[in-house]
Every structure is written in structure tokens, then in C-alpha cells.
Amino acid sequence: MEHVENDEEYKGLTVNKGIIQPPSVNPYLAKRVKRKTFSVSEYVEGIEKGNISLLSQAVTMVESTNPEHYQTAQEIIEKCLPLAGKSVRIGITGVPGAGKSTFIEALGMHLVNKGEKLAVLAIDPSSGLSKGSILGDKTRMEELSVSDKAFIRPSPSAGSLGGVARKTRETIVLCEAAGYNNIFIETVGVGQSETAVHSMVDFFLLIQITGAGDELQGIKRGIMEMADSIIINKAEGNNLEKAKLAQAQFKNALHLFPAHESGWVPEVLLCSAFHKVGIPEIWDMIERYIAHCKGNGYFDIKRRRQTQYWMTETIDEKLRNSFYQDPEIEQLIEEYRKKVVNDEISSFVAAHKLLDIYFGKK
């Protein structure tokens, strides 16, 4: 259609025709290629051969809320179980800013350079408002993330912590089946995540730093009691003397706690993860701990307890999900919430009534 401005009465003014409006979708955009689907046996075979792509896809299915994906993931895990259990599982926690990611990379590169294989499973903190996670651990582990002997997998902590921990535990099975003989699990460093991670690892390591006030403030007694070792990171330069003082303080504090059932006496070591100082000594200590626990039988006892614990946790999670996903409960729960808010009924009575309705149908 010609522009009216090109009429003779508007002399000296011309407007080009322009171009035909392009479609909303770029016609040159290649058609999205559908990801090839694999059978359970193909996934298991690929994982056993160390195929990173298939391992990553399997972990994604473990984390998926899609019921079909969940079912497939469970079948894969079941077939991978005979291949699992041959790794050393290490939990790593510490206050925010303690340098956990830098430490993991330094210790991880020490293992990789020795010819070991390593999987790093990092539970990433999620925003309480947006529910989003940065999942930035790979960007903080530049050297380790490009190694063909390392597999780094961050997972968001949004939703049930128990659910995240269960998925992490299932991911451990897949990683072990893929031949990763060392598994690091990094916690968000806050809340109850330490307890959940402690229940799935062989060695629990607490990272501390100096220069943040009283060295023993801000550390929960429970976390210190769980720790098999405390590492004072950033022991470098002008901070070295402070780190040595903190080391002495922590050693004294650990003597006040009950003895570990394993018979192991927790050690307090210094390191500078950034400068890679003290890293070999830390790994030597972990190897001594594993040898000690295997020697007195505690290693196997702890593993058996953990499998029982996770059976119970899985039952709890399935019951909780079944309750909240029940169509009738979904309709009634909002009604009872309003009654609770308006003080028409107590929260305890409301909960019992909903549970009676749910179990009354079973």
C-alpha cells in the first residue's frame, strides 16, 4: 500500500515503501532438534562406560518432578546399585565466605592430578522469594570444571530439603556407577543441610576462617560434633598467626565434646586453598580416617545405618507428596487454612481433620 504522504499535494516529501513485515519467528531459525530418547538399559550402559552426557540426563531425571521421569530414574538407579558403593563420600560445609568452592577445587585438582576421578555435588542456595538459584559453582571452579576426570553438578535447594537430599543421595549412586571413586558434597552452609549431608557421607569436613570475630561464635555445637575434621582456610600472609591461634582454640573446644563412635579423634588443620598450601596433608588425613574406620569395621556399620535412614526418609517423602497431591485434599486444604487464619479452628484440629479424611479413603 502506497503512503499517502507520496501524494502530489505533499511535494518534496517521499516515504519509501519499506519491507514486508517479517514473521514473528525467524524463518532462518533451524528447527529445534528433538533430544534422542534412550531406554533404561542404554542409560545404564552409557553411565557404566562413563558417558557424561547420559549421566547428566539421568541426574536431570532424578531431579525432575515429572512422574514419568521419576519412574525412569528409579529404574536406572535400581540397575546401577550393583555398580555403586565403591567411592569415598566426603561432605564439606562451612560458613558463607569460608572458601568452600576454592577449597574443593584445590583438593579436587590434587586428586585429579593423581589420576583419581571426582564428582562434586553442590547443593546451591535458592532465593526464598524468586525460588531461583544461580548454580554458579562451575564458574568458581574454572580449572576443575574443564577436567575430563571431574563431574560437577550443582542442584538448587528450593523446596523440601529432604527431597533435595534424597535426590543427592540417588545422584551419588549414579556417579559411583559411572566410575567416580571420590564424591564431594558441598552444602549451602546454613540451616539443616549439614545434618542431611552428614547422613550420606563417610567423612564430614568443616571449613572455618579467621578474622570474623570470636572464632567459636556462629558455629553450632551440633555441626562441630558432627565434624571429623576442621580446616582453617585462608591461613596465609598476615592471617597465618590468627589461623594458628584459631587452630589451638578449636582443638581445645573439640576435647569438650563426646568421643566419636568411630574412635577417631578429629584433627584441626591449616590450609590456604587459594595458594594450594596444606592440601596434600588434608587428603592424607582423610585417607588415614578411611583406613581407620575400615580397620575397625565402623565404615560398613555407618553405611548400613545410612541406607536404613534413607529408606525411612523416602517413605516419609512419598507419604507427604501423596497427601498434598491428593485431589480432595488439594481442594479442602485452602478452606481449612482460611478457618485457621480466622481462628475458627486450631491448626492442630485442622491438621487432624485433613489427615482423617485422607487416611479414611485408604
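Predicted model: local features only at pLDDT ≥ 70, side-chain atom pairs only at ≥ 80, totals over all residues.

Me: Fine. What does the secondary structure of the protein chain come to?

Reply: The protein chain has 14 helices and seven strands.

Me: And how much of it counts as buried?

Reply: Of its 362 residues, 43% count as buried.

Me: What about contacts between residues at least 6 apart in sequence, how many of those join residues at least 24 apart?

Reply: That share is 73% in the protein chain.

Me: OK, let's go to the helices. Which residues of α1 are buried?

Reply: Helix α1 covers residues 40–48, and its buried residues are Val40, Tyr43, Val44, Gly46 and Ile47. Looking down the axis of α1, they fall within an arc of 165°, so they line one face of the helix.

Me: What follows α1?

Reply: Gly50 does, and its phi is positive, near 85°.

Me: How do α1 and α2 cross?

Reply: Their axes cross at roughly 125° and come within 8 Å. α1 and α2 are therefore oblique to each other, and the crossing is left-handed.

Me: Which residues make that contact?

Reply: From α1 you have Glu42, Tyr43, Gly46 and Ile47, and from α2 there are Leu54, Leu55, Gln57, Ala58 and Met61. By class, the contact of α1 with α2 splits into six nonpolar, two polar and one charged. Tyr43, Gly46 and Ile47 were also on the list of buried residues in α1.

Me: Next pair, then. At what angle do α2 and α3 pack?

Reply: About 125°, with the axes of α2 (residues 52–63) and α3 (residues 67–80) 8 Å apart. That makes α2 oblique to α3. Here α2 passes α3 in a left-handed crossing.

Me: Which residues meet there?

Reply: On the α2 side, Ala58, Met61 and Val62; on the α3 side, His69, Tyr70, Thr72, Ala73, Ile76 and Ile77. The contact of α2 with α3 has seven nonpolar residues, two polar and no charged ones. Ala58 and Met61 turn up in the contact with α1 and again in the one with α3.

Me: Jumping to the other end. Are α13 and α14 roughly parallel or roughly antiparallel?

Reply: Roughly antiparallel. Helix α13 (residues 327–341) and helix α14 (residues 347–360) pack at an angle of about 165°, and their axes are 10 Å apart.

Me: Is that crossing left-handed or right-handed?

Reply: α13 passes α14 in a right-handed crossing. The α13 residues are Glu328, Ile329, Leu332, Ile333, Tyr336 and Val340, and they meet Ser347, Ala350, Lys353, Leu354, Ile357 and Tyr358 in α14. By class, the residues of the contact of α13 with α14 come out as nine nonpolar, one polar and two charged.

Me: And what sits in the loop between α13 and α14?

Reply: Asp343 is found there. Asp343 has a phi near 60°, which is positive, in a residue other than glycine. Asp343 is exposed too, with a relative accessible area of 69%.

Me: Where's Lys234, and how exposed is it?

Reply: Lys234 is in the loop between β6 (229–232) and α10 (240–254). Lys234 counts as partly exposed, at 33% relative accessibility.

Me: What touches Gly97, leaving aside its neighbours within four places in sequence?

Reply: Ile209 and Lys234. Gly97 is in the loop between β1 (88–94) and α4 (100–113). Gly97 and Ile209 are 112 residues apart along the chain, yet their C-alpha atoms are separated by 8.3 Å.

Me: Last one: how far is Phe274 from Lys234?

Reply: They're 7.4 Å apart in space, C-alpha to C-alpha, and 40 residues apart in sequence. Phe274 is in the loop between β7 (267–270) and α11 (279–296). With a relative accessible area of 62%, Phe274 is exposed.

Key:
Residues numbered from 1 in each chain as written. Heavy atoms only, no water. Axes fitted to C-alpha atoms, helices over the stretch in contact; angles between N-to-C directions. Helix = DSSP H or I, 4+ residues; strand = E, 2+ residues; numbered from the N terminus. Parallel < 35°, antiparallel > 145°, perpendicular 65-115°, else oblique. Left-handed = near helix turned anticlockwise from the far one by under 90°. Contact = heavy atoms within 4.5 Å. Nonpolar A, V, L, I, M, F, W, Y, C, P; charged D, E, K, R; others polar. Buried < 20%, exposed > 50% of the residue type's maximum accessible area, 1.4 Å probe, protein only. Arc of directions from axis to C-beta.
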